[in-house]
Amino acid sequence: MLEFLPSLLGGVVIGLSATLLYVLNGRIAGISGILGSLLEPRGAQPWRLAFLGGLLGGGVLIQALQPSAFGSGPALGSGAMLIVAAGLLVGFGTRLGSGCTSGHGICGIGRGSKRSIVATLTFMATSIVTVFLMRSLMGGVS
Amino acid sequence: MKGTLAAFVSGLVFAVGLGLGGMTDPANVQGFLDVTGDWNPGLAFVMGGALGTFALLRALFVRKRERPVLSSEYPAPPRTRLDGRLLLGAAIFGIGWGLAGFCPGPAVVSVASGSKTAILFTASMVGGMGLFRALEIALAWMQERQKPAQQPVLDAPEP
């Protein structure tokens, strides 16, 4: 169990961040909503840009201190076409479904939203099936 | 100004949490989703820890204060119906998540690593969001155009 301590710690830190944004700004830390709203009229509000800037700043910090945290790309196929298709699906799907892992999976369920529970179960199910199919078609995952 | 700074710090802490939890490594994420193979349960602890911490602290805080520190009210969920749109969107998102091992947060954070894969994924993701926005605009425009045709029905005199 001790091997999962960093995972649990990472989760607690993410939860703290979501709490900060909620209790200070009164906002939901849903990354797809924050990013996607920039494409709407008057969507580019300072808090959204600042949060995204913080995410990038955190990325720079990780790259400086622990670059191995970024791994070496997806395990199952990383062809450009596949990555583009995956990105399009994630972008379109999260906007249609009003949230992603953070907005539905953490904040939504954390607020007791039935919609978020259903959404999270749905994207967990299709992602698991996708990985299963890919592994069956492409061979073993390392 | 304080709100902007708070949001920046929150984003920074969020990214560090993703890195600590192993969410920024797409192979790790795919290992978690590979439940029938060599399953790596680590991310269940990340999601459980994040969800538990947020749910607990939020409940404690909301009971104490009627409004957030730097703004006037807590957010209300913008859509409340459990509909096909939610299910279809979540299903599509899951397929993309499984394909590449990136969801939106870790993708944005990973752009800072300079990884070509992360940059290509994030650019495509923003493209997908743009596609959705374009569809929204097109649908709104078509609805607007159909209105005059429906007018006579709406204006029909009451019997």
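The model scores ipTM 0.95 and pTM 0.92. For chain B the mean pLDDT is 91, and 91% of the residues reach 70 or more. Where pLDDT is low, the predicted coordinates should not be read in detail.

Chain A has six helices and zero strands, so the order of its elements from the N terminus is simply α-α-α-α-α-α. Its C-alpha trace spans about 45 × 35 × 30 Å along the principal axes. Of the 142 residues of chain A, 58% count as buried. Among contacts in chain A between residues at least 6 apart in sequence, 51% join residues at least 24 apart.

One residue gives a local view of this packing. A:Ala18 lies in helix α1 (residues 5-25) of chain A. Is A:Ala18 buried or exposed? A:Ala18 has 30 other C-beta atoms within 10 Å, and because the cut-off for a buried residue is 20 or more, A:Ala18 is buried. Leaving aside residues up to four places away in sequence, A:Ala18 touches A:Ala29, A:Ile106 and A:Cys107 in chain A, and B:Ala50 and B:Phe54 in chain B. A:Ile28 is 10 residues from A:Ala18 in sequence, and the two C-alpha atoms are 7.0 Å apart in space.

In the first, helix α4 (residues 80-96) of chain A packs with α4(B) at an angle of about 155 degrees, and the axes are 7 Å apart. Because angles over 145 degrees count as roughly antiparallel, that is how α4(A) runs relative to α4(B). Their crossing is left-handed. The residues that meet include A:Leu82, A:Ile83, A:Leu89 and A:Phe92 in α4(A), and B:Leu88, B:Ile92, B:Phe93 and B:Trp97 in α4(B). The residues of this contact divide into 16 nonpolar, five polar and one charged.

In the second pair, helix α5 (residues 101-110) of chain A packs with α3(B) at an angle of about 30 degrees, and the axes are 8 Å apart. Angles under 35 degrees count as roughly parallel, so α5(A) and α3(B) are roughly parallel to each other. α5(A) passes α3(B) in a right-handed crossing. From α5(A), A:Gly105, A:Ile106, A:Cys107, A:Ile109 and A:Gly110 meet B:Met47, B:Ala50, B:Leu51, B:Phe54, B:Ala55 and B:Arg58 in α3(B). By class, the residues of this contact are eight nonpolar, two polar and one charged. A:Ile106, A:Cys107, B:Ala50 and B:Phe54 in this contact are also among the residues that A:Ala18 touches.

How values were computed. Residues are numbered from 1 along each chain as its sequence is written. Chains are lettered from A and ligands numbered from 1 in the order in which they are written. This is a predicted model: local features need pLDDT of at least 70, side-chain atom pairs count only at pLDDT 80 or more; totals for chains, interfaces and linings use all residues. pLDDT is the predictor's confidence in each residue, from 0 to 100. Helices (H or I, at least four residues) and strands (E, at least two) are DSSP runs, numbered from the N terminus. A residue is buried if 20 or more other C-beta atoms lie within 10 Å of its own, exposed if 12 or fewer, and partly exposed in between; C-beta atoms are placed from the backbone. Two residues are in contact if their C-beta atoms, placed from the backbone, lie within 7 Å. Axes are lines fitted to C-alpha atoms, for helices over the stretch in contact, and angles run from 0 to 180 degrees between N-to-C directions. Angles under 35 degrees count as roughly parallel, over 145 as roughly antiparallel, 65 to 115 as roughly perpendicular and the rest as oblique. A crossing is left-handed if the near helix is turned anticlockwise from the far one by less than a right angle, and right-handed if clockwise. Ala, Val, Leu, Ile, Met, Phe, Trp, Tyr, Cys and Pro count as nonpolar, Asp, Glu, Lys and Arg as charged, and the others, Gly among them, as polar.
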